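Open the model in your viewer and keep the sequence panel beside it. This tour tells you what to select at each stop and what you will find there.

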Amino acid sequence: EVERELTPRFTELGQQVREPRDDMAKSPPPAGDNRIRTCRILTDGKAGDLVQCLGLAQALGLEADIRTIVPRRLFAFFMPFGPIDPRDGPKCPGSPVGPPFPDLAIASGRRSAAYLRALKKASQGRTFTVFLKDPRIGAKAADFIWVPGHDRLRGDNVMVTLTSPHGISPLRLAAARKAPPDFIGRASRPRVAILLGGDSAHYRFDEDANRRLGEALAQIRASHPSASFLVTPSRRTPEATLQLVRQALAGANCFIWDGGGENPYVALLANADFLIVTADSANMVSEALCAGVPVYVFEPAGGSPKFTRFLSALKAQGLVRILAGDLQPFECAPVDATPQIADEIARRFAARRRLA
């Protein structure tokens with residue numbers, strides 16, 4: 001596992017630093033070699049999709065050729081059922097589905113499903129295709145499909161796990177614990193890290209949600225006067241929510257990331273005694289669970305059946321609790337499906353090559 005983590009180099013936002021690896025041989029692999037050598041990622045640029053794809057590439061020890069698809073509106077409207085934009089065809093310069101064809105292609109997002117099919121066809125089946133989440137066109141959309149447990153798709157080539165893949169590896173957490181930022185070193189215990197999302201298709205940080213969050217934080221502060229609070233907002237976090245968090249934690253030992261410099265997200269995961277994460281992002285909840293500390297989930301206004309199923313499964317297994325006021329420790333262990341999913345991709349790729 002450690003060997004896998006040493007080679008990839010990604011920034012916090014998921015964009016790779018393009019440093020060629022010595023083991024990325026340009027000559028074809030020897031006969032009988034079933035290792036994955038090259039990888040392409042196809043997304044429409046959504047951060048959540050890209051993070052999942054990059055996390056799997058990282059776990060496989062691969063540098064990824066990242067292609068962002070931007071089909072014209074008419075073609076995007078009919079995806080994933082319709083064809084790709086002809087200007088992105090395999091013979092077009094810079095085509096996301098053109099040669100040189102990779103050993104492995106990982107895609108996520110409904111538009112990317114159409115492009116993944118086109119890449120498989122253009123490569124005459126050579127490229128092993130992986131799709132993350134339900135492609136909406138059935139299990140034949142890719143050679144291998146991963147879905148979270150709250151998605152309904154099932155099939156012989158479909159793998160289901162409770163949490164999502166990501167790039168928060170044990171090695172990254174260990175490094176962040178060994179050399180934490182100064183503000184974490186000065187933070188008193190218990191350290192309460194707060195991972196704030198924002199408005200989404202299903203959740204809203206409205207006035208009532210902000211009030212409930214503020215009241216919960218004020219209660220925690222009163223119950224744990226020595227606690228420090230470490231807050232990292234996202235680009236989607238409403239200013240009204242941030243302002244209310246500042247008010248609720250005024251006078252406490254508190255750090256709120258202001259968006260300058262490197263995001264301390266991983267450092268917070270690695271060094272927190274408690275984690276509070278907002279329910280608008282299943283990715284963020286999955287990343288929090290890899291830290292091995294008690295995770296409390298705050299639900300803004302709204303919701304969705306999918307996330308309700310996800311959260312219910314986590315609660316049923318004792319992995320999270322709902323934030324309703326005070327924090328209490330509970331037994332927990334790190335939960336991370338990423339290595340399991342990566343191992344299954346490598347196994348199926350090798351099996352396909354042996355049959356070729």
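**Stop 1: helices H10 and H11**

Select helix H10 (residues 282–289) and helix H11 (residues 305–316): they pack at an angle of about 15 degrees, with their axes 11 Å apart. That angle makes H10 roughly parallel to H11. The crossing of H10 and H11 is left-handed.

Before going on, some ground rules. This is a predicted model, in which local features need pLDDT of at least 70 and side-chain atom pairs count only at pLDDT 80 or more, while totals for chains, interfaces and linings use all residues. Residues are numbered from 1 along each chain as its sequence is written, and side-chain values use heavy atoms, with hydrogens and water left out.

Now the terms. Helices (H or I, at least four residues) and strands (E, at least two) are DSSP runs, numbered from the N terminus. Axes are lines fitted to C-alpha atoms, for helices over the stretch in contact, and angles run from 0 to 180 degrees between N-to-C directions. Angles under 35 degrees count as roughly parallel, over 145 as roughly antiparallel, 65 to 115 as roughly perpendicular and the rest as oblique. A crossing is left-handed if the near helix is turned anticlockwise from the far one by less than a right angle, and right-handed if clockwise.

Show side chains. From H10, Ala-282, Val-285, Ser-286 and Leu-289 meet Phe-307, Phe-310 and Leu-314 of H11 (contact means heavy atoms within 4.5 Å). By class, this contact of H10 with H11 has six nonpolar residues, one polar and no charged. Here Ala, Val, Leu, Ile, Met, Phe, Trp, Tyr, Cys and Pro count as nonpolar, Asp, Glu, Lys and Arg as charged, and the others, Gly among them, as polar.

**Stop 2: helices H7 and H8**

Next, select helix H7 (residues 207–223) and helix H8 (residues 239–248). Their axes come within 9 Å and cross at roughly 25 degrees. That makes H7 roughly parallel to H8. The crossing of H7 and H8 is right-handed.

Which residues of H7 meet H8? They are Asn-210, Arg-211, Leu-213, Gly-214, Leu-217, Ala-218 and Arg-221. On the H8 side, pick Ala-240, Thr-241, Leu-244, Val-245 and Ala-248. The residues of this contact of H7 with H8 divide into seven nonpolar, three polar and two charged.

Stay on H8. Thr-241, Leu-242, Val-245 and Ala-248 are buried (under 20% relative accessible area; exposed is over 50%, partly exposed in between, with a 1.4 Å probe and protein chains only). Look down the axis of H8: its buried residues fall within an arc of 125 degrees, so they line one face of the helix. They pack against H7, strand S9 (228–232) and strand S10 (253–256).

Click Arg-211 in helix H7. Arg-211 is partly exposed, at 37% relative accessible area.

**Stop 3**

Most residues other than glycine have a negative phi, and most peptide bonds are trans.

- Met-79 and Pro-80: a cis peptide bond, omega about 10 degrees. Pro-80 is in the loop between helix H3 (73–77) and strand S3 (104–108).
- Arg-189 and Pro-190: a cis peptide bond, omega about 0 degrees. Find Pro-190 in the loop between helix H6 (182–185) and strand S7 (191–195).
- Gln-124: not a glycine, yet its phi is positive, about 55 degrees. Gln-124 is exposed, with a relative accessible area of 77%.
- Lys-133: also not a glycine, with a positive phi of about 80 degrees. Lys-133 is partly exposed, at 27% relative accessibility.

How values were computed: Arc of directions from axis to C-beta.
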